[in-house]
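Trainee: I am new to this structure and would like a close look at one part of it. Please go through it slowly and connect it to what surrounds it.

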Amino acid sequence: MQIEKRSVTTSDGVRLNVLEAGRGTPLVLVPGWSQTAAQFRRQLEGLSDRYRVIALDMRGHGDSDKPAHGYRIQRLAKDVNDALRALDVQGATVLGHSMGCSVLWCYFDLFGADRVSKFVFCDEPPFLTSNPAWSAQELEDAGAIFSPEAVTQTMNALAGPDGVATTTGFVGGMVTKAMPPATLAWMIEQNLKLPRAHAATLLYNHCHQDWRDVFARIDVPCLFIGGRASLVPWKSVTWAAAQVKGARLEIFEEADGGAHFMFEENPSRFNALLADFIG
């Protein structure tokens with residue numbers, strides 16, 4: 001199936017790159033922080049025989065425009081809504097990976113399930129930054145992987161002269177030992193398409209969003225996916241899934257590519273899981 005490259009324009013005039021393949025029920029893929037539509041190549045190739053598969057480059061990311069503004073979760077959620085409207089998408093299954101989950105939780109907060117029939121939330125904790133006042137249980141449920149100080153340090157490292165090295169180390173910690181070095185190098189290359197100053201701004205905003213009050217209000221079918229060996233604590237994915245009535249949960253074991261990029265490390269299982277959920 002041929003992958004078509006096209007673009008849409010957001011309400012504030014930013015051109016977003018779109019990769020699309022196939023026909024039928026729409027499956028929309030929203031990448032994570034500093035990641036690209038191209039990183040969903042296995043899904044574009046593997047699922048377009050039965051679905052209309054659409055992958056988005058968020059503003060600043062991949063081959064989209066790189067404006068000097070808008071690097072916050074709320075604007076990205078609006079961008080997704082703008083894109084669904086521009087592409088005339090209705091009744092979509094919309095998948096967010098990593099920060100893409102936060103974008104979709106914000107999307108639901110702002111727009112409800114507009115144009116969405118189902119959500120897939122892949123490997124993201126409800127709140128990335130810890131609060132020293134939390135109990136051990138609250139910390140486990142939230143899945144925070146940063147302290148407030150660590151967020152600032154990471155942001156400054158990304159925006160500074162060591163931004164590329166910081167990115168390389170960060171992404172390198174998101175895969176299993178089975179990840180081929182050439183694939184990891186390509187993934188890092190994709191990440192660096194987002195200018196590091198914008199990457200820092202967006203990460204800082206992303207890390208200070210608390211989505212724990214959103215889950216109980218989601219009223220469409222949901223699938224949550226986590227990885228036992230992911231930097232995202234799998235117990236927080238389990239907690240989030242338990243807050244959504246009727247939600248389905250799948251945890252990939254490390255031997256099944258169960259780190260942060262399970263859709264790249266084990267695309268056959270991942271794609272079969274999506275197809276079963278979409279129907």
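Predicted model: local features only at pLDDT ≥ 70, side-chain atom pairs only at ≥ 80, totals over all residues.

Mentor: Asp-65 sits in the loop between β4 (52–56) and α2 (73–86), while Arg-15 belongs to strand β2 (residues 15–21), so the pair ties together parts that are 50 residues apart in sequence. The relative accessible area of Asp-65 is 29%, so this residue is partly exposed. Arg-15 also counts as partly exposed, at 29% relative accessibility.

Stay with the loop between β4 and α2, where Ala-68 is found as well. Ala-68 has a relative accessible area of 73%, which means that it is exposed. The C-alpha atom of Ala-68 is separated by 7.8 Å from that of His-198, although the two residues are 130 apart along the chain.

Next comes helix α2 itself. Helix α2 packs with helix α8 (residues 196–207) at an angle of about 100°, and their axes are 9 Å apart. Because angles of 65 to 115 degrees count as roughly perpendicular, α2 is roughly perpendicular to α8. On the α2 side, Ile-73, Gln-74 and Leu-76 take part, and they meet Leu-202, Asn-205 and His-206 of α8. Sorted by class, the residues of this contact of α2 with α8 are three nonpolar, three polar and no charged.

Charged pairs do occur elsewhere on α2. Arg-85 forms a salt bridge with Asp-114, with 3.1 Å between the closest N and O atoms. Arg-85 lies in helix α2 and Asp-114 in the loop between α3 (99–111) and β6 (116–122), so this pair ties together parts that are 29 residues apart in sequence. Arg-85 counts as partly exposed, at 45% relative accessibility. Asp-114 is partly exposed too, with a relative accessible area of 24%.

Salt bridges also join into a network, made up of Asp-12, Arg-59, Arg-75, Lys-78, Asp-79 and Asp-82. For the structure as a whole, the count comes to 23 salt bridges.

One further bridge can be set beside those above. The side chains of Lys-235 and Glu-140 meet in a salt bridge, at 3.8 Å from N to O. Lys-235 is in helix α9 (residues 234–243) and Glu-140 in helix α4 (residues 136–142), and the pair links distant parts of the chain, 95 residues apart. Lys-235 counts as partly exposed at 40% relative accessibility, and Glu-140 is partly exposed with a relative accessible area of 34%.

The axes of helix α6 (residues 163–172) and helix α7 (residues 181–191) come within 10 Å and cross at roughly 130°. The helices α6 and α7 are therefore oblique to each other. Their crossing is right-handed. From α6, the contact is made by Thr-167, Thr-168, Val-171 and Gly-172, and from α7 by Leu-184, Ile-188 and Asn-191. By class, the contact of α6 with α7 has three nonpolar, four polar and no charged residues.

Ser-34 is placed in the loop between β3 (26–30) and α1 (41–47). Phi of Ser-34 is near 65°, a positive value in a residue other than glycine. The relative accessible area of Ser-34 is 1%, so Ser-34 is buried. Asp-123 lies in the loop between β6 and α4. Phi of Asp-123 is near 60°, again a positive value in a residue other than glycine. At 0% relative accessibility, Asp-123 counts as buried.

Helix α2 then meets α8 through Ile-73, Gln-74 and Leu-76, and Arg-85 of α2 pairs with Asp-114.

Key: Residues numbered from 1 in each chain as written. Heavy atoms only, no water. Axes fitted to C-alpha atoms, helices over the stretch in contact; angles between N-to-C directions. Helix = DSSP H or I, 4+ residues; strand = E, 2+ residues; numbered from the N terminus. Parallel < 35°, antiparallel > 145°, perpendicular 65-115°, else oblique. Left-handed = near helix turned anticlockwise from the far one by under 90°. Contact = heavy atoms within 4.5 Å. Nonpolar A, V, L, I, M, F, W, Y, C, P; charged D, E, K, R; others polar. Salt bridge = Lys/Arg side-chain N within 4 Å of Asp/Glu carboxyl O. Buried < 20%, exposed > 50% of the residue type's maximum accessible area, 1.4 Å probe, protein only.
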